[in-house]
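Here is a short report for a reader meeting this model for the first time. Look over the sequence and the structure before reading on.

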Amino acid sequence: MADQLLGSYTPEEVTVVISVGGQVHTVTGYAEGTFISATRVVQAAEAFQGSDNTGGRVKRRNTSRRVTLSLTQFSKSNNFLQAWQAADEGASRNQFIGSVLIKDNSGSTKMFSNQAFVEMVPDVVLSNTADQRDWGLFLFNSTGELGGNTQLDQATVAAIEGLGGFVDPAWVA
């Protein structure tokens, strides 16, 4: 079909950059399979339906996210994340609240928060095989875009722009 556009995703082009305490670190050493997941803390809207079939919704603008970074035990980023968490835990104020940028450089998905911290430290697992370390980050009031990995046709661009959205020209077919 002529109207089908081929998408492309390259997991090696996903980057996570953390800036905290005057230090900048690009995360490396991701685990196989799902290596980043980001979940909105509060759903965007919650439906309500009364017993008399009246209804409505509660809209929530809380865009904070919980992010899980899954790394191999060989990743040097484990050391950085542990140092960040320890510095923050030992601090009496917010001097180790950092910035986190997550970006799919082969697509249009990106997330950012300039108020992030390590929320969950991985369980210690040592076995006779390579293990995974799951780090939990909290991204307060995150911004970003959940996009795709395919260029967009004119009809899709028009629909997005009609809803007030913006399409980077690099993603227009």
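Predicted model: local features only at pLDDT ≥ 70, side-chain atom pairs only at ≥ 80, totals over all residues.

Residues are numbered from 1 along each chain as its sequence is written, and side-chain values use heavy atoms, with hydrogens and water left out.

**Whole chain**

The chain has two helices and 10 strands. These are DSSP runs, numbered from the N terminus: helices are H or I with at least four residues, strands are E with at least two. Along the sequence the order is β-β-β-β-β-β-α-β-β-β-β-α. The C-alpha atoms fill a box of roughly 50 × 50 × 35 Å along the principal axes. Buried residues (under 20% relative accessible area with a 1.4 Å probe, protein chains only) make up 29% of the 173 residues. Contact means heavy atoms within 4.5 Å. Among contacts between residues at least 6 apart in sequence, 61% join residues at least 24 apart.

**Strand β9**

Strand β9 covers residues 132-139. Six of its eight residues are buried, so the strand is largely enclosed by the rest of the structure. Two strands pair if DSSP finds at least two bridges between them. The table gives the pairings of β9.

| Partner of β9 | Bridges | Direction |
|---|---|---|
| β6 (residues 65-72) | eight bridges | antiparallel |
| β8 (residues 110-120) | four bridges | antiparallel |

T72 stands opposite Q132 in β9. V118 has L137 of β9 as its bridge partner.

**The core**

A nonpolar core is a set of buried Ala, Val, Leu, Ile, Met, Phe, Trp, Tyr and Cys residues joined through side-chain atoms within 4.5 Å. The largest one has 21 residues; V16, I18, L69, L81, W84, V100 and L137 touch the most other members. Two or more residues each come from β1 (14-20), β6, α1, β7 (98-104), β8 and β9. The largest share, four residues, is from β1.

Which residues does W84 contact, leaving aside its neighbours within four places in sequence? They are I18, V20, F96, G98, V100, A116, F117, V118 and L137.

**A buried aspartate**

D88 lies in helix α1 (residues 77-90). D88 is buried, yet has no salt bridge. Such a bridge needs a side-chain nitrogen of Lys or Arg within 4 Å of a carboxyl oxygen of Asp or Glu. The nearest side chain of opposite charge, R93, is 10 Å away. Lys and Arg count as positive and Asp and Glu as negative; His and the chain ends are not counted. Leaving aside neighbours within four places in sequence, D88 is in contact with F96 and F117.

Notes: Buried < 20%, exposed > 50% of the residue type's maximum accessible area, 1.4 Å probe, protein only.
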